[in-house]
Amino acid sequence: MSEEQKQDLLIRYLDEDLNPEELKLVSELLRTDAGARDFLRSVAEQAVTIADIEGTEADRIVELNGARPVRVSDRFAPVDHKKVIRLETFKWALPLAAMLILLFGAVMFSLFPESKRDVATIRAMGGDSIEWIGSDGKIIHDLKVGDSLAAGLNVRTLSGNAWLALDLRSGSTVIITSQSQLSTYETGDGEVALRLLEGNLWGTAKGKPLPISTPTAEFISSDGEFHIETGQTSSILRVYEGVVGAIRLTDRERVNVPANQQISVSLNNPRRLIAAQQPDPVNYWNCGMLECPDAVVGVWARGSAKEPVRLKAKPVPIGVRNGAPMTIYLSLFRVASSGSPSVLLESDSVIRIRGRTSAEAKIRFGVVTQKMHGLFAGKYRTRLDEDFERSEDGSWTVELPVAEMGLLDRVDHFEKSPVGSQLNSIMVYTVDQDVELEIHQVELLPHPSKN
Amino acid sequence: MSLNEQEVLQTLMNWRSRISAAAWLVVHDTHTAEDIFQNVALKAMTKDVTFDSEAAVRSWAFITARREGIDWLRKHKHEKNCLDDSILEILENDWVCEPAAASGLRVEALRECLDSVPENSRRLLRLRYFEGYSCEEAANQLGAGLNAVYKRVSRLHQSLKTCIETRIERAGETS
């Protein structure tokens, strides 16, 4: 039998088109002929790799029919005999699957040699403290706008007022804000990819597909504008333009999320993944606190009869200023992760916060905003001086008019006032004053409670 | 000394395409083969198994992938087309004994080789391995005869094999 005839026979075997005699012939061939085995192995490797490559390509060419949810699997007409049947996943392994993904992230850095090519350039940044750690684990100092970043970089926006915008080599742009952690890497195919371990990310994907993984999901887009907010157990994606593909890590269930739709991917919710229309914005918000732990940053304290909910500010060292180490004591409250619809900041809106401090201190309040159904739109703040009114036990209630908040960073393309934008999160913090700041309730009201 | 979890996962990822390919030889479906690889990786992380060396990880992974594939065939009553265990073992040994180029390098080499494949041939490969069409169904889609499709698939795989090996060799010479 010639080499070509052997190869044809093996292809027919893989297609299950052999009679019993021919099957015996194939068995004997594979047992005795190393060349035939070499060819069969090569076909098998090519088959699985082609499926992988085509899968990535397929995600890029999704077409929309209006705003209805579209599943990637719907794009390709199901064939009755198609043998795509998922193996049963192990429900008990859900938290361990999350561990596996985190380990996978660590392996990706060590598996593929650090690329000498830059993956991103710093477009803009603001705030007190951004921490950069290179792929060798060393802190990188003095990065500035215009600097290029290599693959393997880990960046954390530590302080409440920190934010960062990156232009990626692939053509996309991303922005992250306070208490977010982002890693850059290159996939095995040499494409730029990101891992958002916590916090907020706004993305504008252009050109090549941009994969972004979180602790619960993988998102990928080549033409979308979107927002991702993630904690350790859930990630929320809102799409403003284009399409973003979403894959739940626990079971690889996939769905495409088109513009004006959103999806929440949670480790604790095994139900079918479905994108839903983004609800109309509201002008009132109450952070659920204990009901949505992924929505808050702080340290939980034991509740009391008087105050069942107590979130203490988290100490965050933010480096050295004027020769002395500086620490902020920060609590942060995120709107999307609380399950709320978009929240509109109106001219009469006030932020009402109940809290407590053990001593007099300057307390700073800030908001992170975004354009309504759009990208990051700046941070704004106000401040209470030490002598504001407190009860004997140190508790206080404040109402802060949003219209009186000013820009944290004077950046030209941000509006001077947050009125008219969408609320992303609220920050409460002190600087270098540990007064046991704790927060009991956070609300946005459409108008002051008293005239 | 036992390998730690990161080392085990690194080995599995280095051998991902081979382990998935071994599973594919049993189940003949690329998506199921991918699921099997993920289950193998999950088992390596979550079961009480320890590995003394990368070779131990590889051997265990191939055997586990084969067993998962055979279990899948039994559940779906496709056992009649499965190769004998002894032959599958020989194929796995061939993989283990072969010097392995990094997985990323092989994927990159295949991607580059696929770029130079004519679109109608690429479409055939997509129908066959991504969409799961049999050669007969692909032949109907493409308006070609079945034997012609068999020959085309066979030649495509041989030429891709040659192309990949050439690119890997070239990459080895320049590194």
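User: What are the ground rules for the numbers?
Analyst: Residues are numbered from 1 along each chain as its sequence is written, and chains are lettered from A in the order in which they are written. In this predicted model local features need pLDDT of at least 70, side-chain atom pairs count only at pLDDT 80 or more, totals for chains, interfaces and linings use all residues, and side-chain values use heavy atoms, without hydrogens and water.

User: Is S12(A) buried or exposed?
Analyst: Six of the six residues of strand S12 (residues 225-230) of chain A are buried, that is, under 20% relative accessible area with a 1.4 Å probe, protein chains only. Strands here are DSSP runs of E, at least two residues, numbered from the N terminus.

User: Which residues sit on each side?
Analyst: Glu225(A), His227(A) and Glu229(A) are on one side, and Phe226(A), Ile228(A) and Thr230(A) on the other.

User: Which strand makes a hairpin with S12(A)?
Analyst: S13(A), with three residues between them. The two pair antiparallel over six bridges; pairing takes at least two DSSP bridges. Glu229(A) stands opposite Ile236(A) in S13(A).

User: Switching topic: how many salt bridges over all chains?
Analyst: 38, each a side-chain nitrogen of Lys or Arg within 4 Å of a carboxyl oxygen of Asp or Glu.

User: What does Asp167(A) bridge to?
Analyst: Arg123(A), with the closest N and O atoms 2.9 Å apart. Asp167(A) lies in strand S6 and Arg123(A) in strand S1 of chain A, so the pair ties together parts 44 residues apart in sequence.

How values were computed. Buried < 20%, exposed > 50% of the residue type's maximum accessible area, 1.4 Å probe, protein only. Helix = DSSP H or I, 4+ residues; strand = E, 2+ residues; numbered from the N terminus.
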